[in-house]
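Subject: Structure handover

Hello,

Here is the structure for you to look through. My notes on what was found follow below it.

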Amino acid sequence: MAVSLNHTIVLSKDKVAAANFLAEILGLETNAWGPFIRVHTGETDIEFMNIEDSAWNDHITPQHLCFLLSEDEMDVLLKGLRRHDVQPYEDMFYEEPGVNNYYGGRGCYIRDAVDGHLFEFITAPYEGKPANIEKGRWRDPVDPTAVGA
Ligand SMILES: [Fe+2]
């Protein structure tokens, strides 16, 4: 059996609103399970939990979650973002509004409307170097043993 990520917990100040936002823009379903509101994405459930129910953290640290979509699902997403008046960005620094094509498909970044989590959506998984690297602040990996690194 291949290893896969079964679920992750994302802290929220309003788990219902957060789960509903993500599910609505992606055209997905939610369900309540224990202290969580789950959004089912492929093999991984995103489990939103209210910060006051968390025993391990007293504040929300923005998390980065990246979702791999089909091209049709990306169309659904972009319509959902327009409905919610959420600006997609080409880059992870939120400097260039729009949708990128760094890896042969489409990709964009948003801040989620409820808690400011950093969501990314791509239609092609990362491989090699991105196209348009001057826009993405791409940096080649640095060899920490190199002189002057
Ligand atoms: Fe990412």
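A salt bridge here is a side-chain nitrogen of Lys or Arg within 4 Å of a carboxyl oxygen of Asp or Glu. By that rule the structure holds five salt bridges.

Please keep two points about the source in mind. This is a predicted model, in which local features need pLDDT of at least 70 and side-chain atom pairs count only at pLDDT 80 or more, while totals for chains, interfaces and linings use all residues. Residues are numbered from 1 along each chain as its sequence is written, and side-chain values use heavy atoms, with hydrogens and water left out.

Overall layout

The protein chain has two helices and seven strands. Both are DSSP runs numbered from the N terminus: helices are H or I with at least four residues, and strands are E with at least two. Along the sequence, the pattern reads β-α-β-β-β-β-α-β-β. Of the 149 residues in the protein chain, 40% are buried. Buried means under 20% relative accessible area, exposed means over 50%, and partly exposed lies in between (1.4 Å probe, protein chains only). A contact means heavy atoms within 4.5 Å. Among contacts in the protein chain between residues at least 6 apart in sequence, 56% join residues at least 24 apart.

Salt bridges

One of the salt bridges joins the side chains of Asp45 and Arg38, at 3.7 Å from N to O. Asp45 and Arg38 are both buried.

Another links Glu71 with Arg106, where the closest N and O atoms are 2.7 Å apart. Glu71 sits in helix α2 (residues 71-83) and Arg106 in the loop between α2 and β6 (107-111), so the pair ties together parts that are 35 residues apart in sequence. Glu71 is partly exposed at 38% relative accessibility, and Arg106 is partly exposed at 24%.

Arg106 also forms a salt bridge with Asp75, the closest N and O atoms being 3.0 Å apart. Asp75 lies in helix α2, so this pair ties together parts that are 31 residues apart in sequence. Asp75 is partly exposed, at 34% relative accessibility. Elsewhere, salt bridges that share partners join Arg38, Asp45 and Glu47 into one network.

Nonpolar core

A nonpolar core is a set of buried Ala, Val, Leu, Ile, Met, Phe, Trp, Tyr and Cys residues joined through side-chain atoms within 4.5 Å. Which members of the largest core touch the most other members? Of its 25 residues, they are Leu22, Ile25, Phe48, Leu77 and Phe121. The elements that give two or more residues to this core include α1 (15-26), β3 (36-41) and β4 (44-50). The largest share, seven residues, comes from α1. Not counting residues up to four places away in sequence, Phe121 touches Ile25, Leu77 and Arg106, among others.

Regards
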